[in-house]
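Here is a short note to read beside the structure. Please keep the 3D view open and find each residue as it is named.

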Amino acid sequence: LHRLIRRQRQMCIRDRLNYILIRESFSKNSNDERLQFWSQYVPYSTDAYRVSASECLVIEFEMYSIIEFTTKTMGPLYIYRKDIFEKFVKKYLKRMNNTELRHSLYNELLQYATERIIHHDNWQYKTSRYLMAHSII
């Protein structure tokens with residue numbers, strides 16, 4: 001019982017830290033659409049971390065990793081199977097600046113992405129449907 005309580009406490013702390021990281025990555029403005037969108041999925045995530053060199057945020061789920069750009073220029077979000085992300089994509093995040101990474105994700109690494117979603121009309125709906133259809137959430 002004590003292990004279960006400790007585990008639940010750890011999950012609550014992790015969720016809170018991930019939420020704070022997501023909030024600080026996008027905007028302190030609570031109306032930011034990416035902040036509002038990703039905040040609702042924090043309980044499903046296993047980790048989140050920001051990479052300052054490339055100005056991106058990685059949100060990890062059990063089997064998938066998602067890259068979101070934190071700058072005003074944004075860029076599309078990319079979804080990868082976690083094993084593919086770890087093997088082929090992750091190493092680029094710290095080596096490249098924002099422009100270089102966005103170029104590489106589209107031109108060289110797009111073959112590894114399971115989905116690329118542009119932040120235009122209805123991107124939240126499309127992303128939610130994808131997350132549900134692939135049992136990410």
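Predicted model: local features only at pLDDT ≥ 70, side-chain atom pairs only at ≥ 80, totals over all residues.

The points below go through charged pairs, strands, a helix and some loops.

1. Salt bridges in general. Side chains of opposite charge can pair when their charged atoms come close. In this model the count comes to 5 salt bridges.

2. K82 and E60. The side chains of K82 and E60 form a salt bridge, with N and O 3.7 Å apart.

3. K90 and E86. A salt bridge also joins the side chains of K90 and E86, at 3.5 Å from N to O. Here both residues sit in helix α3, 4 residues apart, which is about one turn of the helix.

4. D83 and R81. In the salt bridge between D83 and R81, the closest N and O atoms are 3.7 Å apart. D83 counts as partly exposed because its relative accessibility is 48%, and buried would mean under 20%. R81 has a relative accessibility of 32% and is also partly exposed.

5. S65. This residue is in strand β3 (residues 64–69). Its relative accessibility is 0%, so S65 counts as buried. What does S65 touch, apart from its neighbours within four places in sequence? Its contacts are V58, I59, E60, Y78, I79, Y80, K82 and F85. Among them are E60 and K82, the two residues that meet in the salt bridge of point 3. R81 is 16 residues from S65 in sequence, and their C-alpha atoms are 6.2 Å apart in space.

6. Strands β1 and β2. Strand β1 (residues 47–51) pairs with β2 in the antiparallel sense, over 5 bridges. The hairpin of β1 and β2 has 4 residues between the strands. E55 lies in this loop and takes a positive phi near 55 degrees, in a residue other than glycine. E55 is partly exposed, at a relative accessible area of 33%.

7. Helix α4. Which residues of helix α4 (residues 98–107) are buried? They are N98, L101, S104 and L105. Seen down the axis of α4, these buried residues fall within an arc of 135 degrees, so they line one face of the helix. The elements that cover them include β2, β3, β4 (77–81) and α3. At the start of α4, a side-chain oxygen of N97 comes to within 3.0 Å of the backbone nitrogen of T99.

8. D15. Helix α1 (residues 2–26) contains D15. Is D15 buried or exposed? Its relative accessibility is 18%, so D15 counts as buried; the cut-off for buried is under 20%. Leaving aside neighbours within four places in sequence, D15 is in contact with V42 and P43.

9. The loop between β5 and α5. I118 is found in the loop between β5 (115–117) and α5 (123–133). At 42% relative accessibility, I118 is partly exposed. Beyond its neighbours within four places in sequence, I118 contacts P76 and W123. M74 is 44 residues from I118 along the chain, and the C-alpha atoms of the two are separated by 9.4 Å. N122 also lies in the loop between β5 and α5. Although N122 is not a glycine, it has a positive phi of about 65 degrees. N122 counts as exposed because its relative accessibility is 55%, and the cut-off for exposed is over 50%.

Terms used: Residues numbered from 1 in each chain as written. Heavy atoms only, no water. Salt bridge = Lys/Arg side-chain N within 4 Å of Asp/Glu carboxyl O. Buried < 20%, exposed > 50% of the residue type's maximum accessible area, 1.4 Å probe, protein only. Helix = DSSP H or I, 4+ residues; strand = E, 2+ residues; numbered from the N terminus. Contact = heavy atoms within 4.5 Å. Arc of directions from axis to C-beta. Polar contact = N/O pair within 3.5 Å; in protein donor to acceptor, adjacent residues only side chain to side chain. Pairing = 2+ DSSP bridges.
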